[in-house]
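Q: Could we go through this structure together? I would like to start with the overall layout and then move to details.

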Amino acid sequence: MESERPAKRARQDQKTVALPILAFREEIVRAVRQHRVVVLVGETGSGKTTQVPRFLYEAAVATRPGSIAVTQPRRIAAISVAHRVASEMGCEVGDLVGYHVRFLNRTSSKTKLKYMTDGMLVRESAAGGAHAGINGSSIVVLDEAHERGINTDVLLGLVKLALEEDKPPGLRVVVMSATIHAAPFVNFFGGSKEVKLVKVPGRQHPVQVFYTPAPEPDIIEAALISVLQLHLTRPAGDVLVFLPGQDDIESLQRLLEEKQEMLIKERQENPTKRVVDQQGGLSTSSWPTYEKVQNLLVRPIYASLPFDQQELVFQPSPPGCRKVILATNIAETSITIPGIRYVIDTGLVKLKMTNPHTGVEMLRTVETSQASALQRAGRAGREAPGEVFRLYVESEYHKMPVQTPAEILRCEMAEVYMQLKALGVAKVVGFPLVDKPPREALEKAAHFLCRIGALDTRDDLTDLGRKLATMPVSPLYAHCLHVSFEFECTAEILSIVAMLSADAQIFITSKKERDGAKAKAFHHEDGDHLCLLSAFSQWKKHQHQKAFASQNGLNHAALEKSVTIRNQLKDVLHQAWGASQISSCGGPKNWMTVRRCLLKGLFTQTARRDEVNQNSYRTFLSRQEARLHPSSVLHRRQPPPPCVVYTELFVTAKSYLRTVTEVDPAWLPELCPRFFSTG
Ligand code: ADP
Ligand code: MG
């Protein structure tokens with residue numbers, strides 16, 4: 001019965017021949033033929049993401065036309081994997097294999113394997129249309145389901161409803177997970193009678209675990225020392241360091257590169273001298289001489305790194321060189337890099353969290369779960385026995401939560417609420433979810449959407465709400481774009497929203513300069529949004545030149561990305577919103593209009609200065625106390641502005657408002673009379 005294409009199978013390239021999943025090809029194909037839902041559990045690196053969609057395509061499993069949609073929680077994984085699979089299958093990205101992530105669509109009518117973010121599939125489904133979303137798919141593969149990202153959970157609910165209604169008929173669902181905790185998925189789809197569970201055993205070598213004897217006060221310093229000690233004393237093999245965020249990665253990269261320069265210098269000057277111990281200043285007989293020390297090749301990887309640089313992590317290290325990869329938890333399960341023998345784990349991760357008291361969503365650095373710690377350690381033992389150095393004490397491990405709670409339980413729900421409404425879900429409270437968010441979180445989301453006029457008192461989307469839902473940015477930014485028409489500054493707001501959505505810093509600031517203000521040339525004293533706008537328009541005036549960007553401390557790649565995003569948002573304004581023209585308020589002398597528009601659009605994110613403590617602000621909705629972030633142009637202003645709008649509330653040990661613009665307190669009652677009274 002198998003309608004496989006042997007010629008294609010034979011072309012399987014060498015790198016994939018040994019993948020454990022290949023032995024399960026027939027079983028997986030049969031399972032999907034016979035069951036509407038298959039849960040596939042397999043160790044990270046076993047070949048799920050790159051091979052399973054291809055199996056299903058080559059065996060022509062689908063009973064209905066449409067593409068095989070494979071969803072990833074992260075856009076970088078969707079893009080990277082699509083490239084990999086396209087090259088394994090010998091085609092160009094955008095042909096048979098493509099990807100669709102927010103602001104980037106590389107698919108065509110020929111595309112059969114469509115890698116996408118789960119958020120994109122939710123959005124496509126909400127937007128409707130015969131060929132979009134779940135309706136346009138023959139098989140939906142939900143990858144990395146164990147991560148339990150909010151969009152994965154929503155998608156699980158959507159495919160469950162689709163299966164119940166048999167719409168589209170013949171739909172098949174494959175849920176892929178890297179951990180053995182598959183029971184919640186099996187139960188969610190009706191238990192083991194309905195769902196076929198397939199397990200692919202991993203090929204894990206033993207990994208020896210080391211802890212620090214005492215807690216580490218400075219995690220970057222501790223990581224630096226660990227990398228160097230390991231480099232000087234351990235046999236060949238690449239190193240993977242898990243750090244919480246981009247900032248930490250950049251700091252460690254800088255420090256390691258400095259050390260590297262020092263080692264090279266010593267090698268030239270004192271080749272036969274023994275390396276000096278970093279801490280005690282003593283050299284020991286077990287340490288190598290400088291001439292024996294290999295080079296370090298440092299490669300960062302995090303979500304907002306440009307794609308060409310992401311690809312570098314996969315390149316094998318040149319002979320005589322040890323590759324050190326500095327990664328966020330992106331390398332925990334969604335990306336597998338060959339050659340890793342050593343893992344250094346800070347035990348920290350950045351997670352989106354909502355403060356249960358204030359309802360404010362923020363990115364927080366927190367300790368990982370035991371499940372994450374095990375996954376991270378496992379990365380060292382994929383090809384041979386390995387070692388993991390945990391930069392925390394052993395008792396800390398036992399105090400960690402067993403698993404990270406699903407994002408939907410700790411996340412702001414407004415965007416999801418609006419998407420579900422746009423999908424025609426009558427009662428969001430009754431929508432099938434593996435884990436139900438707290439009722440208050442849903443109520444808060446509904447309340448917020450009412451405030452911006454997206455939802456009416458009967459809990460139905462308004463015309464405005466339906467309009468906002470078509471815009472691929474947060475409801476708040478969409479609202480700001482909507483308001484911009486009234487102020488006739490849509491061109492300016494488009495640029496600002498595009499830059500804020502680019503997931504990368506426009507201004508390059510080294511840590512030293514961070515106390516200082518924005519690059520002088522773009523300084524605009526009224527606020528950071530206007531600095532962004534100023535940078536964008538001057539870069540545009542200079543024909544988007546890379547040289548102009550680098551001379552002026554601007555991140556060229558981020559600016560280019562903003563242009564792409566801006567064009568897409570503009571298309572939505574024309575097509576879905578029916579805007580015939582995009583008006584501009586003119587140059588910087590008219591930018592008060594932009595500030596007024598920002599206030600009306602983002603009024604839920606205003607903050608007032610404290611009467612007593614002049615450096616402290618209190619946010620309007622959540623009553624959170626926060627300061628202006630040192631990177632803001634308003635930070636040094638004396639006295640500080642009495643009232644601001646902000647686009648980021650940033651909570652570390654202290655709370656900061658980042659990307660802030662001054663507004664006149666008198667505008668509050670004038671522009672938002674329903675929410676701010678006079679006086
Ligand atoms: P899983 O989804 O089960 O974690 P994958 O299908 O992602 O596994 O990966 C299978 C293998 O393909 C891994 O050994 C990985 O190292 C390799 N691989 C994946 N992407 C790339 C890439 N871009 N370059 C080189 N090797 C890759
Ligand atoms: Mg995978």
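The conversation below turns to the domains, the ligand, the helix contacts and the backbone.

Q: What kind of model is this?
A: This is a predicted model.

Q: Which domains does the domain assignment give?
A: The assignment lists domain 1 (2-200), domain 2 (207-405), domain 3 (412-470) and domain 4 (471-662).

Q: How many Å separate the centres of domain 2 and domain 4?
A: Taken over C-alpha atoms, the two centres are 34 Å apart.

Q: Which residues come nearest to it?
A: Of the 15 residues around ligand 1, the nearest are K48, T49, T50, F314 and T336. Two elements, α4 (48-58) and α5 (75-88), each give two or more residues to this shell.

Q: Which element has the largest share of that shell?
A: The largest share belongs to α4, with four residues.

Q: And how do the residues of the shell divide into nonpolar, polar and charged?
A: In the shell around ligand 1, three residues are nonpolar, 10 are polar and two are charged.

Q: At what angle do α17 and α18 cross, then?
A: The axes of helix α17 (residues 475-487) and helix α18 (residues 490-500) cross at roughly 170° and come within 9 Å. That angle makes α17 roughly antiparallel to α18. The crossing of these two helices is right-handed.

Q: Which residues meet there?
A: From α17, Y477, C480, L481, S484 and F485 meet T490, I493, L494, V497 and L500 of α18. The contact of α17 with α18 has eight nonpolar residues, two polar ones and no charged ones.

Q: What about α18 and α21; how do their axes cross?
A: The axes of α18 and helix α21 (residues 556-575) come within 8 Å, with a crossing of roughly 125°. The two helices are therefore oblique to each other, and the crossing is right-handed.

Q: Which residues of α18 meet α21?
A: On the α18 side they are L494, S495, V497, A498 and M499, which meet S562, I565, R566, L569 and K570 in α21. The residues of this contact divide into six nonpolar, two polar and two charged.

Q: One further pair: how do α9 and α10 cross?
A: Helix α9 (residues 219-233) and helix α10 (residues 246-269) have axes that come within 10 Å and cross at roughly 40°. That makes α9 oblique to α10. The crossing of α9 and α10 is right-handed.

Q: Which residues are in that contact?
A: I220, A223, L224, V227 and L228 of α9 meet D248, S251, L252, L255, L256 and K259 of α10. Eight of the residues in this contact are nonpolar, one is polar and two are charged.

Q: Finally, the backbone. What joins K167 and P168?
A: A cis peptide bond joins K167 and P168, with omega about 5°. P168 is in the loop between α7 (150-165) and β7 (172-177).

Q: And what is the phi of D166?
A: D166 is not a glycine, yet its phi is positive, about 50°. D166 is placed in the loop between α7 and β7.

Q: What joins Q638 and P639?
A: The bond between Q638 and P639 is a cis peptide bond, and its omega is about -10°. P639 is in the loop between β19 (625-628) and β20 (643-651).

Technical notes
Residues are numbered from 1 along each chain as its sequence is written. Chains are lettered from A and ligands numbered from 1 in the order in which they are written. This is a predicted model: local features need pLDDT of at least 70, side-chain atom pairs count only at pLDDT 80 or more; totals for chains, interfaces and linings use all residues. Axes are lines fitted to C-alpha atoms, for helices over the stretch in contact, and angles run from 0 to 180 degrees between N-to-C directions. Angles under 35 degrees count as roughly parallel, over 145 as roughly antiparallel, 65 to 115 as roughly perpendicular and the rest as oblique. A crossing is left-handed if the near helix is turned anticlockwise from the far one by less than a right angle, and right-handed if clockwise. Two residues are in contact if their C-beta atoms, placed from the backbone, lie within 7 Å. Ala, Val, Leu, Ile, Met, Phe, Trp, Tyr, Cys and Pro count as nonpolar, Asp, Glu, Lys and Arg as charged, and the others, Gly among them, as polar. A residue is near a molecule or strand if its C-beta atom, placed from the backbone, lies within 6 Å of it. Domain bounds come from an automatic or database domain assignment.
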